[in-house]
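I have opened my notebook for a new entry. Here is what I looked up, step by step.

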There are 2 protein chains.
Amino acid sequence: MNISIAPIGTIYSVFNDTETMARQSNIDGKEGRIELYAEYTAGLEGLRGFSHIIALYHFHKQAEVRLRARPCFGKNSARGIFASRYPTRPNHIGISVLSLERIDGNTLHCSNIDVLNGTPLLDIKPYVKHFDLLEDVRSGWYDDIDWDAVKSDCAHPEAK
Amino acid sequence: MNISIAPIGTIYSVFNDTETMARQSNIDGKEGRIELYAEYTAGLEGLRGFSHIIALYHFHKQAEVRLRARPCFGKNSARGIFASRYPTRPNHIGISVLSLERIDGNTLHCSNIDVLNGTPLLDIKPYVKHFDLLEDVRSGWYDDIDWDAVKSDCAHPEAK
C-alpha cells in the first residue's frame, strides 16, 4: 500500500552540499528559515508561544535505502538504521528539533537548522515538554560518545 | 510534487476506536507492540540499548485536513494545526515517543502506545537524549494546562 504525501513548504539553510552540512541541529546547526506554503499559514496560529518545533522533512537527495549505516558519531561503526538518524532509511523522512526564533507571516526563522538548503517540509509539530521531555533515558550507543570531541573528529557527510 | 511512501510495519494497540483512544503516549498510553515487516529486521541492530523510540506513523483513519482544530487539551479552544499534535494535519503523519520494553525478532514491545490498533508504521528513530532532551523549553498553550486534571476532564476523541 503506497501513501501519497506532498511538501507543505521548503526549508532554506546555509548548507548546499552534504560535505559541509551540519550533523545535528543542536551540535552544528545554523540559522535558516522555513517557508510554509501560503495556503497553510492559518495552521501557525498559536505557534509563537513555543520555543522549539519538530520539523518533519524529506531527505530529497537520498534515494538509497541501507538498513545498516555508518553514522559519523561513534567512530563510523555500522548501526541498524532504526538505531540511528541516518538518512538511508525507508521512506527517507527526517526529523529535527529546531529553535523557533520568530515567525513573520508564513516564514519561520530558526537558529539551528541541520538540513540541506531546499529540503521539502512535510510537517511542523510543536515540541511539548509535557510529551517530549523524558526522564531516565538510555540512548544506546550514543551514550558512549565523547560529545565534546565530536565536533572535531568527524568528517563523514550526512552524519545524522 | 508528490512523494510516495509505504508502511514498514504495523502498530498494534488496545485502541480499536477513536472514542476510547489514548490522548498522548505518556498520559494514557497502553501496552502494545510494533511489528516491523520482516525484511527490515536488520535495521533494528543496536536498538536494544535505547529506552525510548520515536515512532512515525500514518493517521490512516483521518482523511480530513483542518488547519485549525480543537484538541481536548486546553478546554477545546481552536489551535493552529502546527501548534498541536491533532491528526487533521497535511500529510497525516503522527509521531509518538514510546517506551521500548523489549525486542523479539521483528516485534517491539512498548508500554505506552497511543495510536489506533492497526496503524501503519512509517519509521522508527531512536530517542537520543543528546538531541531530543532540551532545556529552557516554552510550550505555548500547553504550559497553561492543569495536567493533573487533564485525565478526567476530557472526552474529545483523537485529542493529540
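Before counting, I noted the rule for touching: two residues are in contact if their C-beta atoms, placed from the backbone, lie within 7 Å. I also kept in mind that this is a predicted model, where local features need pLDDT of at least 70, side-chain atom pairs count only at pLDDT 80 or more, and totals for chains, interfaces and linings use all residues. Residues are numbered from 1 along each chain as its sequence is written, while chains are lettered from A and ligands numbered from 1 in the order in which they are written.

**Entry 1: where the chains meet**

Helices (H or I, at least four residues) and strands (E, at least two) are DSSP runs, numbered from the N terminus.

I then looked at the link between E1(A) and strand E1 (residues 3-5) of chain B: three bridges join them, and they run antiparallel. Two strands pair if DSSP finds at least two bridges between them. Here A:Ile5 has B:Ile3 as its bridge partner.

**Entry 2: the two copies**

Next I checked how chain A is superposed on chain B: a rotation of 180 degrees with 0.0 Å of shift along its axis does it, with RMSD 0.0 Å. The copies are therefore related as by a two-fold rotation axis. Of the residues of chain A, A:Ser4 comes closest to the rotation axis, at 2.4 Å (C-alpha).

I picked one pair: strand E4 (residues 52-58) and strand E9 (residues 119-126) of chain A share five bridges. One of my spot checks was A:Ala55, whose bridge partner in E9(A) is A:Ile124.

**Entry 3: one histidine**

Where does A:His92 sit? I found A:His92 in the loop between strand E6 (79-80) and strand E7 (93-104) of chain A. Leaving out residues up to four places away in sequence, A:His92 touches A:His58, A:Phe59, A:Gln62 and A:Pro87.

Terms used
Copies are superposed by least squares on the C-alpha atoms of residues with pLDDT of at least 70 in both.
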